[in-house]
Amino acid sequence: MPDAPLPSAKLQLFGEVLAELLENRHKALVFSQFVDHLHIIRDYLEEQNIKYKYLDGSTPAVERKKRVDAFQAAEGDVFLISLKAISAIALLSFMVINPRVNAQTLPEVNIKPQIERMQVESDPNQNLNQDEQKVANYLTQGFSLFKAKNYPEAIKAFNEVIRIQPNNQYAYFGRGVSNYLLEKYQQAKTDLDKSIELDSSLPLAYFFRGITNSALGNKDNAITDLETAAKLFEKDGNTELAQTSRDVIKRIRNA
């Protein structure tokens, strides 16, 4: 219930978890679809004299970017964010700080149109033999499960594609990003390596390999991949993700 108060037990647990995070010099991102809940947490942070940033649907677009940049510049220990307001730039930037933070939200935010385009490109519809039809069906199933955030089942579908057609770049990409979102970073990198080996024109493959390399601590490789992603996004006319890639590079260099 959007209007339901946040139970005191949950607020107490939040306080305990937050205290441990701050004690270990970590930042915290708090996502909620209920603005009322964010307000309760905001009041708690003010009572505890904890510095924070806040963003919801009423925050002007220009101010959102300023608050994200300020938080990245270490102005505040906690960022309260309404899921209804979050943008691709904000989310992808946060993932560089901690690639495990709210990764499940990513597919619906910005890469969904790219995935849909990839799904169409990988789905031939003329003169299919039996194996090709199976591949097309499994790819459709895999990307549909991916968009539904059912990553383990998506991986199973992509596995079937690879079993039938071992050199399908889209299946390796889909499985790689699914593994990334499941925090299986080494497996993600292996799949994204293969996807890029098979097709070096996929900007999202470079982007996700870049942030995967960042999660694995491979800073130089991460920057190289993200630079390539930015160029390919620009070539495709996707200026937002091109700029996001460049913003991520800056944060990795400054980390």
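Guide: Let us begin with a cut-off: a residue counts as buried when its relative accessible area is under 20%, and as exposed when that area is over 50%. Please keep in mind that this is a predicted model.

Visitor: Is glycine 210 buried or exposed?

Guide: Glycine 210 has a relative accessible area of 0%, so it falls under the 20% cut-off and is buried. Glycine 210 lies in helix α10, which covers residues 203-215.

Visitor: Which residues is glycine 210 in contact with, leaving aside its neighbours within four places in sequence?

Guide: Contact here means heavy atoms within 4.5 Å. With those neighbours left out, glycine 210 contacts Ala222, Asp225 and Leu226.

Visitor: And lysine 189, is that residue buried or exposed?

Guide: Lysine 189 is buried too, because its relative accessible area is 19% and the cut-off is under 20%. Lysine 189 sits in helix α9, residues 185-198. Setting aside residues up to four places away in sequence, lysine 189 touches Thr212, Asn213 and Leu216.

Visitor: What distance separates the C-alpha atoms of glycine 210 and lysine 189?

Guide: Those C-alpha atoms are 9.0 Å apart, while the two residues are 21 places apart along the chain.

Visitor: Now for the whole chain: what percentage of the residues count as buried?

Guide: Of the 255 residues, 47% count as buried. The chain has 12 helices and three strands. For contacts between residues at least 6 apart in sequence, 61% join residues at least 24 apart. The accessible surface is about 13,100 Å², with 46% belonging to carbon and sulfur atoms.

Notes: Residues are numbered from 1 along each chain as its sequence is written. This is a predicted model: local features need pLDDT of at least 70, side-chain atom pairs count only at pLDDT 80 or more; totals for chains, interfaces and linings use all residues. Side-chain values use heavy atoms; hydrogens and water are left out. Helices (H or I, at least four residues) and strands (E, at least two) are DSSP runs, numbered from the N terminus. Buried means under 20% relative accessible area, exposed over 50%, partly exposed in between (1.4 Å probe, protein chains only). Accessible areas come from the Shrake-Rupley method with a 1.4 Å probe; for residues, only the protein chains shown count as cover.
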